[in-house]
Amino acid sequence: MFLKFSVIFLCLAFFFLVLIPGIFWVTGVHLFGGEGAATGGDVMVRSLDGGSAWQKVSAPAVGSPPLPSHVLSFAFHPSDDKVFYFGAKASGLWKTRNGGQSWKKVLDGAGTLKANADVYKIEISHSNPAIRYVAVFQDDRGRVLKSIDGDARFEEIYAVSATGYGVFDLFIDQSNADRVIIATGEGGLLQTDDGGKTWRVIKWFDEPLKKLLTHDTLLMNSLVTTSRGNLFKTTDGGITWSDRSESMGGMKISPLSGAVLDSYFFVAKKPLGEFIFDPIIFSRMYLAASTGLFRSEDSGISWNQIRLPLAPSMNSVDTVSVSPQNANLLFVGAGRTLFTSVDRGISWKTSVLSPTLRIKSIFLHPRDPEILFALLGR
């Protein structure tokens with residue numbers, strides 16, 4: 001009798017402690033402590049077949065620090081298809097050399113980049129891949145750091161003038177590694193043309209800036225979002241800016257990373273989505289909102305809704321991404337469901353990435369259409 005109960009106990013233990021967690025691990029859900037959803041943080045998953053199958057990414061080995069629980073930024077190396085980066089809240093910069101299978105924390109040999117920094121943006125030069133810039137918040141101040149040796153050592157090239165304010169976005173001219181534009185929490189939109197030795201003011205806004213959307217340093221067709229939920233646009237290189245907040249159809253821009261809120265959730269500070277430029281057709285924009293998915297063909301002046309196979313009561317969209325190789329290929333996250341379209345939103349294929357976690361962000365490889373990353377969270 002004792003042997004019989006022992007066998008039953010071992011079978012149950014295997015089922016609950018190995019089999020079930022293994023299933024959840026594949027879908028990106030942690031049942032036991034550590035990093036990820038069990039502690040209320042984010043889980044990163046990877047697909048190598050265009051979004052059909054997904055696996056959870058991990059730290060490299062026993063003894064390494066666990067992956068951070070909140071991811072703020074993501075970047076692909078411009079020439080090495082196996083090297084990617086992400087920036088984390090209170091956990092610095094992370095790097096993979098094996099296509100995202102495992103990740104290791106970047107340790108700055110100069111000690112400038114702090115291990116507990118918030119890394120809001122990562123930009124790597126296409127013209128000189130050894131040069132990269134990161135926008136960080138550390139020691140109670142927003143800063144821009146630069147590395148000229150691949151990330152072995154960093155130096156500080158800019159810091160905001162007042163404590164408590166961040167540098168939340170930056171853009172590098174891909175034909176000139178010395179030309180960079182940054183957006184700061186002090187309201188400054190600034191540019192350097194000599195790699196950070198000197199800076200000039202493009203415009204000081206009356207509101208803290210959170211996100212810059214542009215495709216060149218001429219700023220001929222660019223937008224910025226603010227912490228108060230406003231959207232400003234320039235079409236003349238940053239000389240004049242128009243307030244386009246009202247053109248968003250009553251929606252507001254979230255204080256967090258340009259996400260979109262409707263008027264009710266703006267009060268509640270609950271981000272429900274984002275807007276992006278099409279990486280191929282820059283006059284085309286996509287908007288993920290609490291009321292659905294929208295597209296603009298005129299840089300945000302007018303919007304048309306793209307219908308998803310969702311019930312009206314579940315029409316909220318969290319994130320949208322467009323393939324850098326194919327403007328007809330869309331990936332949309334709505335709750336736990338990934339929607340994929342190969343015909344610019346006419347028809348959709350659906351898949352559920354996690355039984356409990358929503359899809360917060362989708363990152364597409366700039367050269368390999370089979371490689372995708374998704375960030376899952378509460």
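Some housekeeping. What you're looking at is a predicted model, where local features need pLDDT of at least 70 and side-chain atom pairs count only at pLDDT 80 or more, while totals for chains, interfaces and linings use all residues. Residues are numbered from 1 along each chain as its sequence is written, and side-chain values use heavy atoms, with hydrogens and water left out.

OK, the overall picture. The chain has 2 helices and 30 strands. Of its 378 residues, 53% count as buried; buried means under 20% relative accessible area, exposed over 50%, and partly exposed in between, with a 1.4 Å probe and protein chains only.

Now the inside. The largest nonpolar core has 15 residues, and the members touching the most others are Met44, Phe74, Phe84, Phe86, Trp103 and Phe373. By nonpolar core I mean a set of buried Ala, Val, Leu, Ile, Met, Phe, Trp, Tyr and Cys residues joined through side-chain atoms within 4.5 Å. Strand E3 (71–76), strand E4 (84–88) and strand E30 (372–377) each give this core at least two residues.

Let's zoom in on Phe84, which is in strand E4. Is Phe84 buried or exposed? Buried, with a relative accessible area of 0%. If you skip neighbours within four places in sequence, its contacts include Phe74, Trp94, Trp103, His365, Ile371 and Phe373. Phe84 and Phe74 are 10 residues apart along the chain, and their C-alpha atoms are separated by 7.6 Å.

How many cavities of 30 Å³ or more does the rule give? The count comes to 3. A cavity here, on a 1 Å grid over the protein atoms alone, is a set of points where a 1.4 Å probe fits but cannot get out, and lining residues have an atom within 4 Å of a point. Points are joined across faces, edges and corners, and the volume is the space filled by probe spheres set on them.

The second largest cavity holds about 50 Å³. Its lining includes Phe331, Leu364, His365, Asp368 and Ile371. His365 and Ile371 were also on the Phe84 contact list.

Ala90 has a positive phi, near 60°, without being a glycine, and is partly exposed at 48%. Asp151, not a glycine either, has a positive phi of about 125°. Asp151 lies in the loop between strand E9 (141–147) and strand E10 (155–159), and is buried at 10% relative accessibility.

Last stop: Leu353, in the loop between strand E28 (349–352) and strand E29 (358–364). Leu353 is buried, at 7%. Its C-alpha atom is 9.8 Å from that of Ser52, 301 residues away along the chain.

Notes: Helices (H or I, at least four residues) and strands (E, at least two) are DSSP runs, numbered from the N terminus. Contact means heavy atoms within 4.5 Å. On a 1 Å grid over the protein atoms alone, a cavity is a set of points where a 1.4 Å probe fits but cannot get out, and a pocket is an open set with protein on both sides within 12 Å along at least five of seven lines; lining residues have an atom within 4 Å of a point.
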